[in-house]
Amino acid sequence: MPSEKHPHPAFSYLIFLGCAIAFCTIPFGVETGRNIFYISSYISFIALCFNFRFYTKNKIALTLFLSLCLLGAASMIWAPLNKQPDDYVNIYRSYFSTGKLQLATAFILLIALNERLDFQKSYIIVAIGGGLAVNAYAIYQGLWLHYPRVQLNFDRATIVAYIITAINLVMLHAVLLLKTRYRLMLFLLAFIVSFSVIGLTGTRAAMLVFPVMVAVFVFTSREFFSRRQKMTIALAFPLLLLLSAMIFKSQIEQRIHDFHQDMASINDPQKDNSIMSRLSMQRTGIHAGNQALLGQSAEQRAKEITAMVKQEPELMGVMPYLTVHLHNELIEAYSLKGIVGAVLLLTFYLTYIFAALRIYNNVLLFTVMLSLIAFGLTDVIFFSTEGTVMFCLAIIASVISMKKTPDSQDLRQ
């Protein structure tokens, strides 16, 4: 029967062991890691059933649970309602899969937010160990195997850059939790390595977002840095960026060259141009969403956009992406799932940002969410199962990392 008694600690150990294994294996493309993550969510559901009153007493945690739960459920409902066996089937498969991952994360997160056991030491080991392994493998691919763009074991360097960003934010946070006088030096060294690895992916968005997120991490943190240390980092930051840029000069120069080419061909609709394609996707996506405020199928969206492109040929850049996504998280949700989809996504963003800043004072959760929002301006993280699960694991990690104190237990009330 459901009770308010403390849950058996075996639930927590099994759940977070599964998350640790997933965190360390999924970046290498190991399918077993995702399966273990799902097993952790099943255990979380069982723990909730046996201790329903305990886990639903914390209204803040329940709000965060519901916002992510509804976001995942919306994709899981939309996909089967509209799915057809045609060229757009991969869109439905992707959103159904990422919806399941969001739902699974919601149950694990509900357990984590109500956790009374202190897993911070274990978190430090897993975060630093997993982060070092991923970065070492990326450096091996980039410098020894001479990959033009590091891809780990996936087929898209872009999503790999987002995954590495999430992992490295978690790793940098774990470094600061080390009980050593050298933690600031280790933090700066870890930043150089992290930023350099992201440079090896050749993904411009990640190369811009990651140092900004680290700066936000440093200057909004009230726990890890004194005012003097913040001033030191502020002075050292440009030098660290310059050092990383010098080490990976060729990769950065290539991406700058690509950007200049895109700008030079900005008025040529027949030429592949990532900048113009994204602007076209945003315009056409908003138009398609306005035509179906309650949501529509991917096929109907493509029909609306194709008709618009016929009238405005300069929007031709959107056409290759109609069977994938529109490279903007919010516009993508609005164009397919209507107002409800857009509102649920915004609610998820805002509730987690608010909780990070005002409730838990959790700088890692704040920067992970800001990264998710920033990347969502030019891509769709929740279309990729790997990207979704790693950002979800980063959110879970930010909660597990919190030190359990008598004061923190008061947040359950």
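The accessible surface of the chain amounts to about 18,800 Å², and carbon and sulfur atoms contribute 65% of it (Shrake-Rupley method with a 1.4 Å probe; for residues, only the protein chains shown count as cover). The model is predicted: local features need pLDDT of at least 70 and side-chain atom pairs count only at pLDDT 80 or more, whereas totals for chains, interfaces and linings use all residues. Residues are numbered from 1 along each chain as its sequence is written, and side-chain values use heavy atoms, with hydrogens and water left out.

The chain contains 17 helices and zero strands (DSSP runs numbered from the N terminus, with helices being H or I of at least four residues and strands E of at least two). Of its 413 residues, 55% are classed as buried (buried means under 20% relative accessible area, exposed over 50%, and partly exposed in between, with a 1.4 Å probe and protein chains only). Among contacts in the chain with a separation of 6 or more, 75% are between residues 24 or more positions apart (contact means heavy atoms within 4.5 Å).

Two packed helices are described by the angle between their axes and the distance between the axes. Helix H6 (residues 120-144) packs against helix H8 (residues 183-201) at an angle of about 45°, and their axes are 10 Å apart (axes are lines fitted to C-alpha atoms, for helices over the stretch in contact, and angles run from 0 to 180 degrees between N-to-C directions). H6 and H8 are therefore oblique to each other (angles under 35 degrees count as roughly parallel, over 145 as roughly antiparallel, 65 to 115 as roughly perpendicular and the rest as oblique). In this pair, Asn135, Ala138, Ile139, Gly142 and Leu143 of H6 meet Val193, Ser194, Val197 and Leu200 of H8. The contact of H6 with H8 comprises six nonpolar, three polar and no charged residues (Ala, Val, Leu, Ile, Met, Phe, Trp, Tyr, Cys and Pro count as nonpolar, Asp, Glu, Lys and Arg as charged, and the others, Gly among them, as polar).

H8 also packs against H7, at an angle of about 180° and with the axes 10 Å apart. H7 is thus roughly antiparallel to H8. The contact of H7 with H8 has 14 nonpolar, four polar and one charged residues. Residues of H7 including Ala157, Ile164 and Leu176 take part in this contact, and those of H8 include Arg183, Ser194 and Val197.

Most residues other than glycine have a negative phi, and most peptide bonds are trans. Histidine 146, in the loop between H6 and helix H7 (157-176), has a positive phi of about 60°. Histidine 146 is exposed, at a relative accessible area of 59%. Histidine 327 has a positive phi of about 55° and is located in the loop between H13 and helix H14 (329-359). With a relative accessibility of 11%, histidine 327 is buried.

Leucine 294 is placed in the loop between helix H12 (274-291) and helix H13 (298-311) and is exposed, at 82% relative accessibility. Its C-alpha atom is 6.2 Å from that of isoleucine 339, 45 residues away in sequence. Apart from residues up to four places away in sequence, leucine 294 touches Lys337 and Gly338.

Isoleucine 373, in helix H15 (residues 363-375), is partly exposed, with a relative accessible area of 26%. Neighbours within four places in sequence aside, isoleucine 373 is in contact with Tyr349 and Ile353.
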